[in-house]
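I am opening a notebook on a structure that is new to me. I will write down each thing as I look it up.

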Amino acid sequence: MEAITGWWDDFFWGSVAVARIFVTALILTVLFGLIGAGAKLSKSRVAKSIAGGYTVVFRGTPEILVLLLFYFGSAVTLTAIAQAFDPEIKFVDIPPFWAGSLAIALIVGAYATETFRGAFLGVDPGQIEASRALGLSNLQTFIYVRIPAMWRLALPPFGNHMLSLIKDTALISIIGLQETLFVAEQAIGTTGKPFTMYILVGAIYLGFSTIITLSVMVLEKYANRHLEVGR
Amino acid sequence: MIFDTALILDSIPKMLFGIGLTFQLLFLSAALGLVLAIILLLMRISGRWYLSAPTMVYIYIFRGTPILVQIFIIYYGLPQLEFVRDSVFWPILREPFGCAILALTLNTGAYVSEILRGGVLGVDRGLKEAGAALGLSARHRFIYITTPIAIRLALPAYSNDVISLMKSTALASTITLLDMMGIARTIVAETYAPYEIFISLMIIYLALTWMIQRSFGWIEKRMSRYVRSEA
């Protein structure tokens with residue numbers, strides 16, 4: 001254990017990096033999921049097929065492949081653009097933080113698309129008709145009726161998506177983001193204790209997973225608070 | 001940005017050279033993982049706390065940490081421990097292939113045992129009661145009534161897990177294995193053409209996903225041939 005002494009602050013900042021990516025990617029995931037679900041439920045055939053292609057591609061290819069494509073692809077493109085202006089520039093990339101967040105959000109967003117689509121379809125049509133009868137506008141119906149009813153249905157699977165998201169953040173160390181796994185590699189370089197360091201990383205991730213699982217339980221209870229009387 | 005078609009045509013056969021390794025990783029760890037999952041399931045539903053509690057801890061740990069961290073703990077971490085280096089398993093754990101199989105097996109075993117448990121819990125109680133009324137012993141009820149129905153119920157979720165296992169095999173490239181992903185990364189490092197190589201590889205992986213889905217679709221259809229009229 002004494003090998004870890006002196007590395008605590010690095011691991012702490014690594015964990016902060018993980019949390020930051022997680023929050024960023026989570027917001028993007030919800031966004032992609034809602035857009036995807038909206039497109040899949042829309043009447044437009046073009047939107048439907050684009051969303052269909054999106055879910056097929058991002059659910060059917062390895063995460064690491066999407067991540068490397070994003071990072072190196074954007075680097076090649078940006079470098080080519082930059083060299084057109086200034087031939088001296090050797091290499092330009094988008095920060096690993098953004099390449100990584102975007103890549104994992106797109107992947108998990110594809111799963112969230114299916115979840116949200118199912119949840120929107122699961123909302124009782126009677127409730128929507130009732131809100132129409134009360135004279136609510138489409139937007140009001142969406143915000144006050146569809147969303148609260150839908151997130152109750154979407155929450156349990158979405159909790160699993162959040163767990164995939166936190167676990168996918170580990171991949172971003174491959175493109176050089178200084179999160180816990182990256183810190184562990186540096187620590188191993190000086191201490192020569194790979195087992196200790198990687199177990200610590202595992203423990204940190206287990207902590208994150210536990211926090212997410214517990215939060216989802218609390219949120220589920222909150223979302224279902226009106227239904228508890230009947231049970 | 002122009003696509004280098006000659007490079008694509010040149011590198012696809014090279015990447016397909018690694019498909020054998022991808023298949024080996026997939027089939028070996030899927031088979032071993034299924035055996036592990038069945039053992040874990042039987043321990044979990046045994047009703048004895050000293051069997052079910054360790055299983056729950058195991059599942060919690062392996063589902064709560066990233067598979068990449070698990071691979072690193074096994075490949076880079078275990079050699080730190082002296083008793084591992086002295087053990088009979090060392091010839092397996094010394095090789096990246098053995099480590100990849102071990103990590104994928106342990107990981108998928110945790111997920112699949114939960115899927116199987118869902119199937120077992122989903123079996124209609126009435127059927128088991130009918131079995132008891134017919135005088136079948138608990139063991140016979142489990143083998144002849146619960147198991148066939150549970151398999152049918154668990155199959156759709158299981159096929160998703162096989163797909164995510166297939167995607168996880170790409171992570172073997174992080175521990176120097178030259179599966180399709182590993183070969184693609186080598187080619188990209190040499191040619192610096194991420195779009196051409198990675199997008200071609202994405203298509204190959206999508207084809208694999210499609211094949212897995214189709215095979216399971218066929219099995220599902222065959223297994224539910226008696227219940228099709230209800231559905």
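I started with Leu67(A). Setting aside neighbours within four places in sequence, I found Leu67(A) in contact with Gly100(A), Ala103(A), Leu171(A), Ile172(A), Ile174(A) and Ile175(A). Contact here means that the C-beta atoms of two residues, placed from the backbone, lie within 7 Å.

A note on the source: this is a predicted model, where local features need pLDDT of at least 70 and side-chain atom pairs count only at pLDDT 80 or more, while totals for chains, interfaces and linings use all residues. Residues are numbered from 1 along each chain as its sequence is written, and chains are lettered from A and ligands numbered from 1 in the order in which they are written.

**Core**

I looked for Leu67(A) in the largest nonpolar core. That core has 111 residues, and Leu65(A), Leu67(A), Ile71(B) and Ala184(B) are the ones that touch the most other members. A nonpolar core is a set of buried Ala, Val, Leu, Ile, Met, Phe, Trp, Tyr and Cys residues joined through C-beta atoms within 7 Å. Buried means that 20 or more other C-beta atoms lie within 10 Å of the residue's own; 12 or fewer is exposed, and in between is partly exposed, with C-beta atoms placed from the backbone. Which element gives the core its largest share? Helix 4 of chain A does, with 14 residues. Helices (H or I, at least four residues) and strands (E, at least two) are DSSP runs, numbered from the N terminus.

**Helix 3 and helix 4 of chain A**

Next I checked how these two helices pack. Helix 3 covers residues 63-85 of chain A and helix 4 covers residues 96-122. Their axes come within 9 Å and cross at roughly 140 degrees. Axes are lines fitted to C-alpha atoms, for helices over the stretch in contact, and angles run from 0 to 180 degrees between N-to-C directions. Helix 3 of chain A is therefore oblique to helix 4 of chain A. The classes are roughly parallel under 35 degrees, roughly antiparallel over 145, roughly perpendicular from 65 to 115, and oblique for the rest.

Helix 3 of chain A brings residues including Leu67(A), Phe70(A) and Tyr71(A). Among those it meets in helix 4 of chain A are Gly100(A), Ala103(A) and Ile107(A). By class, this contact has 11 nonpolar, two polar and one charged residue. Ala, Val, Leu, Ile, Met, Phe, Trp, Tyr, Cys and Pro count as nonpolar, Asp, Glu, Lys and Arg as charged, and the others, Gly among them, as polar.

I also looked up Leu78(A), which lies in helix 3 of chain A. It counts as partly exposed because it has 15 C-beta neighbours inside 10 Å. Beyond four places in sequence, Leu78(A) is in contact with Val92(A), Asp93(A) and Ile94(A). I then took the distance from Leu78(A) to His226(A), 148 residues apart along the chain: their C-alpha atoms are separated by 52 Å.

**Helix 4 and helix 6 of chain A**

Helix 4 of chain A also packs on helix 6 (residues 138-168) of chain A, at about 155 degrees with the axes 9 Å apart. The two are therefore roughly antiparallel. This crossing is right-handed. The contact has 14 nonpolar, four polar and two charged residues.

**Between the chains**

I counted 29 residues of chain A in contact with 30 residues of chain B. Which element of chain A gives the most to this side? Helix 8 of chain A does, with 10 residues. The side of chain A that touches chain B has 19 nonpolar, seven polar and three charged residues.

**Chain B**

Chain B has 11 helices and zero strands. Of its 231 residues, 36% count as buried. Its C-alpha atoms fill a box of roughly 70 × 55 × 25 Å along the principal axes.

Thr176(B) has phi near 70 degrees and sits in the loop between helix 9 and helix 10 of chain B. Tyr192(B) has phi of about 55 degrees and sits in the loop between helix 10 and helix 11 of chain B. Thr176(B) counts as exposed, with 11 C-beta neighbours inside 10 Å. Tyr192(B) counts as exposed with 12.

Methods. Left-handed = near helix turned anticlockwise from the far one by under 90°.
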